[in-house]
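Here are my notes on the model, as numbered points. Please read them with the structure open.

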Amino acid sequence: MSDQAPVGPVAGTKVPRFAGDPTFARLPRIDAVGRYDVAVLGAPFDAGTSYRPGARFGPIAVRTASRHLRPAYHQELGVQPYQTLQVVDAGDVSANPFSITEALESIQRHASEVLENGSRLITIGGDHTVALALLRSIRARQGPVALVHFDAHLDTWDTYFGAPVTHGTVFRRAFEEGLLIEDHSIHVGIRGPVYDALDLDEQDGFGFKVVRAVDLDQRGFEEVADLIRRRVGACPVYVSIDVDVLDPAFAPGTGTPEMGGFTSRELLRLLRSLDGLAIVAADVVEVSPPYDVSEITALAAATLMYDLTSLMAKRAEGATAGAVEGSLNAVQPGIAH
């Protein structure tokens, strides 16, 4: 964490939430602080989508919806994220809308620059293709990670119309490139028809376990949450949330909606169950504002990003408390706790 007290969002009691700087949650811009712990990055790119486009407008929509947040205190996680960590808005990547290869290179380069100071990263997509560039930047910085992937779809196709990199192939490519820690990654929320039963059968070979949406009904929250936690263990974790993991009733504004998904409350409960995991980076992708209704999807994405920041802050608080306790024990080895 930063040595100085973090600069937090502009208070809604001083400047109305519908006014002021249009950053995520009205946080300071990256160039307004000397050092930061978490950066929010926009990746407005959707040339990798296979159905409804529009996710290039996701970062703008999610930032706008984030004005609705009251981010001072997370009552479920019991943390003040923006007083614990210095969080900044790093703006948007300028990604070539006509070339997937060039766009991913730009996203990887920009993400790597943001990560140079040892911070963590939360990215607003964009379609899910952007996750490949982000995982490459994380791999270059610290090595492979365990992936917790919330999605209606597996995103492990080989190709689509001959294209090897799309929003439906990213995690197959990530596995092949050694970006993921083998046998420590998991898909959560999978549902709907697939092209072939082999699509499901291949997941073990790619190092994934699969939790279907219906498993939440059949196995319950505690068992599913425990499965996720045991799967990733103590590994550094990348959390990737495709907003279509939510049922279309709760996230209509997405490119590939799929019936039978999680409710907002179910997804938030599962996400908050990751409390204590070593989350080093995350993304929230596939918000397509042209298909949204009354900012339902954009607000869901903004809330998920706030929760991801809060999980990072709570782990940081625990690490600080552990360090303080360790130093006390070093000075007073007989102290009772």
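1. Arg26 first. With a relative accessibility of 5%, Arg26 counts as buried (buried is under 20% relative accessible area, exposed over 50%, partly exposed in between, with a 1.4 Å probe and protein chains only). Arg26 sits in the segment before β1 (38–43). Helices (H or I, at least four residues) and strands (E, at least two) are DSSP runs, numbered from the N terminus. The phi of Arg26 is near 60°, a positive value in a residue other than glycine.

2. A word on the source. This is a predicted model, in which local features need pLDDT of at least 70 and side-chain atom pairs count only at pLDDT 80 or more, while totals for chains, interfaces and linings use all residues. Residues are numbered from 1 along each chain as its sequence is written, and side-chain values use heavy atoms, with hydrogens and water left out.

3. Other backbone points to check. Asp183 also has a positive phi, near 65°. Asp183 is in the loop between α5 (170–176) and β5 (185–190), and is partly exposed at 42% relative accessible area. A cis peptide bond links Gly125 and Gly126, with omega about 20°. Gly126 belongs to the loop between β3 (120–125) and α4. For background, most residues other than glycine have a negative phi, and most peptide bonds are trans.

4. The largest nonpolar core. A nonpolar core is a set of buried Ala, Val, Leu, Ile, Met, Phe, Trp, Tyr and Cys residues joined through side-chain atoms within 4.5 Å. The largest one has 57 residues. Phe24, Val148, Phe150, Val239, Ile241, Leu271 and Leu274 touch the most other members. Helix α10 (residues 296–331) gives the most to this core, with eleven residues. A second, separate core has 38 residues, including Tyr36, Val88, Ala281 and Val285.

5. Phe24 and Asp89. Which residues does Phe24 contact, leaving aside neighbours within four places in sequence? They are Val40, Val62, Arg63, Ser66, Leu69, Tyr82, Asp89, Ala302, Met305 and Tyr306 (contact means heavy atoms within 4.5 Å). Asp89 lies in strand β2 (residues 87–92) and counts as buried, at 6% relative accessibility. A polar atom of the Asp89 side chain is 2.8 Å from the backbone nitrogen of Gly91.

6. Helices α3 and α4. The axes of α3 (residues 100–115) and α4 (residues 130–142) come within 8 Å and cross at roughly 40°. Axes are lines fitted to C-alpha atoms, for helices over the stretch in contact, and angles run from 0 to 180 degrees between N-to-C directions. That makes α3 oblique to α4 (under 35 degrees is roughly parallel, over 145 roughly antiparallel, 65 to 115 roughly perpendicular, the rest oblique). Residues making the contact include Leu104, Ile107 and Leu115 of α3 and Leu132, Ile138 and Arg141 of α4.

7. Helices α8 and α9. Helix α8 and helix α9 (residues 264–272) pack at about 45°, with their axes 10 Å apart. They are therefore oblique to each other. Phe221, Glu222, Val224 and Ala225 of α8 meet Glu266, Arg269 and Leu270 of α9.

8. Glu223. Helix α8 (residues 221–232) holds Glu223, which is partly exposed at 38% relative accessible area.

Technical notes:
A polar contact is a pair of N or O atoms within 3.5 Å; within protein, one must be able to donate a hydrogen and the other to accept it, and residues adjacent in sequence count only if both atoms are side-chain atoms.
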